[in-house]
Amino acid sequence: MKKIILTGDRPTGRLHVGHYVGSLRRRVELQDSGEYDKIFIMIADAQALTDNADHPEKVRQNIMEVALDYLSAGLDPDKSTIFIQSMVSELTELTFYYSNLVTVSRLQRNPTVKAEIAMRNFEASIPVGFFTYPISQAADITAFKATTVPVGEDQMPMLEQCREIVHKFNSVYGEALVMPNILLPDNKACLRLPGIDGKAKMSKSLGNCIYLSDTEQDVKKKVMSMFTDPNHLRVEDPGRTEGNPVFIYLEAFSRPEHFAQFWPEYAGLDELKAHYERGGLGDVKVKKFLNKVLQAELAPIRARRKEWEQRLPEVYEILKKGSMEAQAIAAETLKDVKAAMKINYFDDEAILRM
Ligand code: TRP
């Protein structure tokens, strides 16, 4: 069986370092591993509209931002197909048929949907499209016969729901859909990177993000203002590294060569942590090191962004070509789905035999 990746992001803002360690960095590695037959990266504008119906311009503005983030992070349009969800209308048709296989109570139990409803204060006024977006996400995944979906931990319930739909479809109509597997980051710190304020999640609305497109000065300012262990008041005090955002970021970003290059006094993160926990190591020093690590990781991304920003017509062509290719593939799957459901009336004249 072919190995196929599908994943994507809602274009509601520029991508931040949480997106990067949670999924984007991995995608680039998977792309460059050469182990996959096809890679589809989707800008999920239709999904973004499920809770931004009143702000279509916000979604529209961020299409190019997200595309630039992708390209600058190292996604290569010659190896990965980057496309826009709403340009593939087959996805909505698949969603319509899949919605017959899902119950309202099952959607209500989806932990991601639950959390998002609470976060947006939707309560009794949940848009139907938002409530059912897990079904549309199953359409996104299955339309491309994806075997592998690299995402952050928050997407786990979406994948479970998708797998249930695939199972149900295949048992009712016959094996037409491919069962996808989730691929989570293997580093625990990358599963859910906290915001610079220490809040559980990096999110645009909380204003606690470091963006991939932030300038060197912005990144430095944000790192130096980061929340750490509130009880680590004096340098001599013992500090906590667990749950400390500065150390979580170091877990997610630092590599042995960063120590060799920027802080050779320490062999690696474990030694640094031990010193902080013992006491005698100030936050400013650790933050300065984190800043160097982050700058080393982000500088090439920033440089590539500068280049792509000069080539916007090319980005437009990449998205257009990618969307056309994606549309052709989704159309094939829709054809298989309709045949399995026996609603392919005009494929032959079998319907004449009453
Ligand atoms: N829900 C994802 C997010 O919020 C975006 C998304 C839409 C997606 N369809 C997908 C991710 C299919 C993986 C697979 O970022």
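Let's start with helix α11, residues 216–224, and helix α15, residues 283–309: in this predicted model, their axes come within 9 Å and cross at roughly 150 degrees. Angles over 145 degrees count as roughly antiparallel, and α11 and α15 are therefore roughly antiparallel to each other. The crossing of α11 past α15 is right-handed.

Which residues make that contact? On the α11 side, look for E216, V219, K220, V223 and M224. On the α15 side, the list is V284, K287, K288, L290, N291, L294, Q295, L298 and R302. If you sort the contact of α11 with α15 by class, you get seven nonpolar, two polar and five charged residues.

Now stay with α15 and turn to another partner, helix α12, which covers residues 245–253. Here the packing angle is about 35 degrees, and the axes of α12 and α15 are 10 Å apart. Is the crossing left-handed or right-handed? α12 passes α15 in a left-handed crossing.

From α12, the contact uses V246, F247, Y249, L250 and F253. From α15, it uses V286, K287, F289, L290, V293, L294 and E297. The classes for α12 with α15 are ten nonpolar, no polar and two charged.

Let's move to the other end of the numbering. Helix α1, residues 17–33, packs against helix α3, residues 56–73, at an angle of about 60 degrees, with 9 Å between their axes. That angle makes α1 oblique to α3. The handedness of this crossing is right-handed. Y20, L24, R27 and V28 of α1 meet D69, Y70 and A73 of α3. Those contact residues divide into five nonpolar, no polar and two charged.

Last stop, the ligand. How many residues are around the ligand, and which come nearest? There are 14, and the nearest are R10, Q47, Q137, D140 and Q155. Let me zoom in on three of them. For R10, a polar side-chain atom sits 3.2 Å from an oxygen atom of the ligand. For Q47, an N or O atom in the side chain is 2.7 Å from a nitrogen atom of the ligand. For D140, a polar side-chain atom is 2.7 Å from a ligand nitrogen atom.

Terms used
Residues numbered from 1 in each chain as written. Predicted model: local features only at pLDDT ≥ 70, side-chain atom pairs only at ≥ 80, totals over all residues. Heavy atoms only, no water. Axes fitted to C-alpha atoms, helices over the stretch in contact; angles between N-to-C directions. Helix = DSSP H or I, 4+ residues; strand = E, 2+ residues; numbered from the N terminus. Parallel < 35°, antiparallel > 145°, perpendicular 65-115°, else oblique. Left-handed = near helix turned anticlockwise from the far one by under 90°. Contact = heavy atoms within 4.5 Å. Nonpolar A, V, L, I, M, F, W, Y, C, P; charged D, E, K, R; others polar. Near = heavy atom within 4 Å. Polar contact = N/O pair within 3.5 Å; in protein donor to acceptor, adjacent residues only side chain to side chain.
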